[in-house]
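Here is a short briefing to read alongside the sequence and the model.

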Amino acid sequence: MKDLIFETLIAAAMAAGLPADADGKKRTYEAPVKMKDALLPKPRIEIQLFKASVKAAKQSVSKFATPGKEQDYRTIRKAIDHVFQPVRLTIVSDDENWLKDFAHSLHTGLPRQVADRHNNIVKIDVEAVESTGGGSKLVKVAIKEKLTKVFHLRFTGLITRDEETAWIKDVEINVAGYQQGGK
């Protein structure tokens, strides 16, 4: 799920207007970042994954004809577990207006669900948004101010298993057995 989360968030950030470096490198980092903050470019995003929680799920998700064997078999996809992955997306900038515009574009452009590589739906929920920096213009501690906006997200997906079953082609009803009862 980690690759899916990074791909989704980076694509949404680039679509919202996150600039790339001169060499074409995307300004995305996995948090916690090991480099000194002063050396990192601004604006940028930092993505941090926390421990995922798992809850058992016993349900059929879908039924479909087995690809390549449509005439003889069908596949039943069963959910084994729900996975809840908390993610923190931090936007770091030194321009307050850019940060507001970018955060709004990212929030509205973030997909609410995507499909993983097993073709299962992964829901994306924005649970909270917080801002730091900015505020009073009277006192500036540093020459270059560090402003951040943090999105607390939750990715919810399924772990599934596919089971192939044969179609029931022939059914024989024993009419004589029913008639003997006299009803």
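The chain's secondary structure amounts to three helices and seven strands, where helices (H or I, at least four residues) and strands (E, at least two) are DSSP runs numbered from the N terminus. Starting at the N terminus, the order of elements is α-β-β-β-β-α-β-β-β-α. Keep in mind that this is a predicted model, in which local features need pLDDT of at least 70 and side-chain atom pairs count only at pLDDT 80 or more, while totals for chains, interfaces and linings use all residues. Residues are numbered from 1 along each chain as its sequence is written, and side-chain values use heavy atoms, with hydrogens and water left out.

**Overall burial and contacts**

- Of the 183 residues in the chain, 31% are buried; buried means under 20% relative accessible area, exposed means over 50%, and partly exposed lies in between (1.4 Å probe, protein chains only).
- Among the chain's contacts with a separation of 6 or more, 69% are between residues 24 or more positions apart; a contact means heavy atoms within 4.5 Å.

**Strand pairing**

- Strand β4 (residues 73-93) pairs with β7 in the antiparallel sense over 20 bridges, and two strands count as paired if DSSP finds at least two bridges between them.
- Within this pairing, T90 stands opposite V150 in β7.
- Strand β7 also pairs with β6 (residues 121-132), again antiparallel, over nine bridges.
- Strands β5 and β6 run antiparallel and are joined by three bridges, with Q113 standing opposite K123 in β6.

**A closer look at T148**

- T148 lies in strand β7 (residues 147-166), and its relative accessibility of 10% makes it buried.
- Beyond its neighbours within four places in sequence, T148 is in contact with T90, I91, V92, L99, E130, S131 and T132.

**Rings and a charge**

- There is one aromatic pair in the structure; rings of Phe, Tyr and Trp (its six-membered ring) pair if their centres lie within 6.5 Å, and planes under 30 degrees apart count as stacked, over 60 as edge-to-face and the rest as tilted.
- The pair is W98 with F102, stacked at 4.6 Å centre to centre with 10 degrees between the planes.
- Because W98 and F102 are four residues apart in helix α2, about one helical turn separates them.
- W98 is partly exposed at 21% relative accessibility, whereas F102 is buried at 2%.
- K69 places its charged end over the ring of Y73, 5.5 Å from the ring centre; the criterion is NZ of Lys or CZ of Arg within 6 Å of the ring centre and within 35 degrees of the ring normal.

**Loops and backbone geometry**

- Most residues other than glycine have a negative phi, and most peptide bonds are trans.
- The peptide bond from A31 to P32 is cis, with omega near 0 degrees, and P32 is in the loop between β1 (28-30) and β2 (44-49).
- The bond from K42 to P43 is cis too, with omega near 0 degrees, and P43 is found in the loop between β1 and β2.
- N119 is not a glycine, yet has a positive phi of about 65 degrees; this residue is in the turn of the β5-β6 hairpin, which has five residues between its strands.
- N119 counts as exposed, at 58% relative accessibility.
- P111 is in the loop between α2 (96-109) and β5 (113-115) and is partly exposed, with a relative accessible area of 27%.
- Not counting residues up to four places away in sequence, P111 touches T8, A12 and I124.

**The largest pocket**

- The largest pocket holds about 330 Å³ of space.
- Its lining has 15 residues, and those closest to the pocket centre are M1, L4, D116, R117 and H118.
- Both α1 (2-16) and β7 supply at least two residues each to this lining.
- On a 1 Å grid over the protein atoms alone, a pocket is an open set of points where a 1.4 Å probe fits, with protein on both sides within 12 Å along at least five of seven lines, and lining residues have an atom within 4 Å of a point.
- Grid points are joined across faces, edges and corners, and the volume is the space filled by probe spheres set on the points.
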